[in-house]
Amino acid sequence: MNEQNSVLHHRLCGAFTDVSGAQDWMRRVCGPHDLMVQPGRSLRFVHAGDRLGALSTAIGCIEYGADVRIGINDSRPLDSYSISLPLMGDQELRLGGAVFGSDPEHGLIIDPSAYQELSISGDCRKLLVAIDRGAMRTALEQMLGRPVHSAITFEPSMALDQGAALTWWRWVRLLWEDMGHNGNLMHYNGLAQGVETSLIRGLLSFQPHNYSAELARQGSPVLPRHVENLKSALMARAREEVDVDALVSAQGLSPRRMVADFRTHLGLTPMQFLRQHRLQQARLDIVRNASTRYISEIALAWGFSHLGRFAEAYREAFGESPSATAERHRAKS
């Protein structure tokens with residue numbers, strides 16, 4: 001694998017006075033958008049932050065130095081969910097006829113695929129977290145124990161008078177401040193992905209969205225021991241040639257009962273669960289390497305011997321080809 005696999009996070013620092021430069025910089029952070037500066041105003045764009053290397057989450061601080069409007073077109077969706085909180089100044093989101101204000105007491109979430117417009121005041125300086133939409137879906141699927149086929153749509157406004165939202169933003173700020181120092185926790189192998197996963201799962205847990213009711217109904221169920229054992233065995237052997245029937249039989253129950261219980265608690269058959277887990281892990285490796293050169297190697301490593309069928313299953317699961325994922329994350333890097 002290439003050297004990017006060992007990079008746990010890297011700095012993102014950009015400063016521009018021209019609209020095209022600022023727009024292109026933020027395109028690599030969040031995805032395609034339109035940037036408009038109020039006539040007669042001079043742009044003084046500054047962005048300082050980090051991109052974590054496991055799931056490609058970007059955390060930073062941004063200011064434009066002028067009143068600007070950002071347009072998101074649903075025909076050119078963002079690559080990431082954009083979550084922001086002003087440290088000073090304010091911003092305003094117009095979405096579907098509704099207006100959502102944002103200030104140091106109210107954050108905003110911009111969904112990737114909705115037509116919307118964000119106005120930012122010239123004195124606004126804000127924290128920004130960009131979470132890859134594929135990583136968001138993967139986290140939700142793991143929490144629900146089943147595939148997710150519809151886009152995750154959050155309530156745009158995040159009021160900090162809610163305890164969980166305030167704690168989440170405090171954590172983001174601590175991470176942002178800490179990642180600029182040598183020897184921070186993100187330099188330690190294995191921590192970066194855990195931090196990203198916790199941030200994403202935390203957001204999915206407290207911020208209302210179209211799957212919140214299902215998450216609330218599900219709670220945190222304890223899986224029956226035989227289901228948990230089979231799940232763990234499938235994940236541990238995901239890189240190997242797996243005899244799923246043998247693993248099912250090894251749990252001491254009839255195969256029909258075992259498969260039925262597995263489907264009841266996880267929403268998938270054992271074979272479907274193994275396939276989904278392999279696809280998710282392959283995607284993480286593609287994101288980490290951000291190069292089309294390694295896609296076939298990654299697919300084979302996760303048990304996909306037929307590359308055409310792998311590409312088809314990957315597109316069905318994540319809405320894009322493996323090479324598109326690699327190219328998008330290479331552009332971000």
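Author: Happy to! Let's begin with tryptophan 168, which lies in helix α3. Keep in mind that this is a predicted model.

Reader: Good to know. Is tryptophan 168 buried or exposed?

Author: Tryptophan 168 is buried, because its relative accessible area is 4%, and the cut-off for buried is under 20%.

Reader: Leaving aside neighbours within four places in sequence, which residues is tryptophan 168 in contact with?

Author: With those neighbours left aside, tryptophan 168 contacts Ile83, Val129, Met158, Leu199, Gly202, Leu203 and Phe206. Phenylalanine 206 is 38 residues away along the chain, and the C-alpha atoms of tryptophan 168 and phenylalanine 206 are 9.4 Å apart.

Reader: Let's move to the core. Which residues touch the most other members of the largest nonpolar core?

Author: That core has 38 residues, and those touching the most other members are Ile83, Met136, Trp168, Trp169, Leu203 and Leu204.

Reader: Which elements give two or more residues to it?

Author: They are the strands β4 (58-63), β6 (80-88) and β11 (125-132), together with the helices α2 (133-144), α3 (163-179) and α4 (191-206). Helix α3 supplies the largest share of this core, with 7 residues.

Reader: And what is isoleucine 83 in contact with, again leaving aside neighbours within four places?

Author: Isoleucine 83 contacts Leu108, Ile109, Leu127, Leu128, Val129, Ile131, Met158, Trp168, Trp169 and Leu203. There is also a second, separate core of 30 residues, with Ala233, Phe262, Leu274 and Tyr294 among them.

Reader: Changing topic: how many aromatic pairs does the structure hold?

Author: There are 9 aromatic pairs. One of them joins phenylalanine 16 and tryptophan 25, a tilted pair at 6.0 Å centre to centre with 50° between the planes.

Reader: What about tryptophan 168 and tryptophan 169, how are their rings arranged?

Author: Their planes are at 90°, so the pair counts as edge-to-face, and the ring centres are 5.0 Å apart. Tryptophan 169 is buried too, with 2% relative accessibility.

Reader: Which residues do ring pairs link into a cluster?

Author: Phe16, Trp25, Phe45 and Tyr64 are linked that way.

Reader: And what sits over the ring of tryptophan 302?

Author: The charged end of arginine 239 does, 3.9 Å from the ring centre.

Reader: Now methionine 258. Where is it found?

Author: Methionine 258 is in helix α8, which covers residues 255-266. Methionine 258 is buried, with a relative accessible area of 0%. Leaving aside neighbours within four places in sequence, methionine 258 contacts His226, Val227, Leu230, Val248, Gln251 and Leu253.

Reader: Zooming out, how many helices and strands are there in the protein?

Author: The protein has 12 helices and 12 strands. Of its 333 residues, 49% count as buried.

Reader: And what about contacts between residues at least 6 apart in sequence?

Author: Among those contacts, 74% join residues at least 24 apart.

Note on methods:
Residues are numbered from 1 along each chain as its sequence is written. This is a predicted model: local features need pLDDT of at least 70, side-chain atom pairs count only at pLDDT 80 or more; totals for chains, interfaces and linings use all residues. Side-chain values use heavy atoms; hydrogens and water are left out. Rings of Phe, Tyr and Trp (its six-membered ring) pair if their centres lie within 6.5 Å; planes under 30 degrees apart count as stacked, over 60 as edge-to-face and the rest as tilted. Buried means under 20% relative accessible area, exposed over 50%, partly exposed in between (1.4 Å probe, protein chains only). A charge sits over a ring if NZ of Lys or CZ of Arg is within 6 Å of the ring centre and within 35 degrees of the ring normal. A nonpolar core is a set of buried Ala, Val, Leu, Ile, Met, Phe, Trp, Tyr and Cys residues joined through side-chain atoms within 4.5 Å. Helices (H or I, at least four residues) and strands (E, at least two) are DSSP runs, numbered from the N terminus. Contact means heavy atoms within 4.5 Å.
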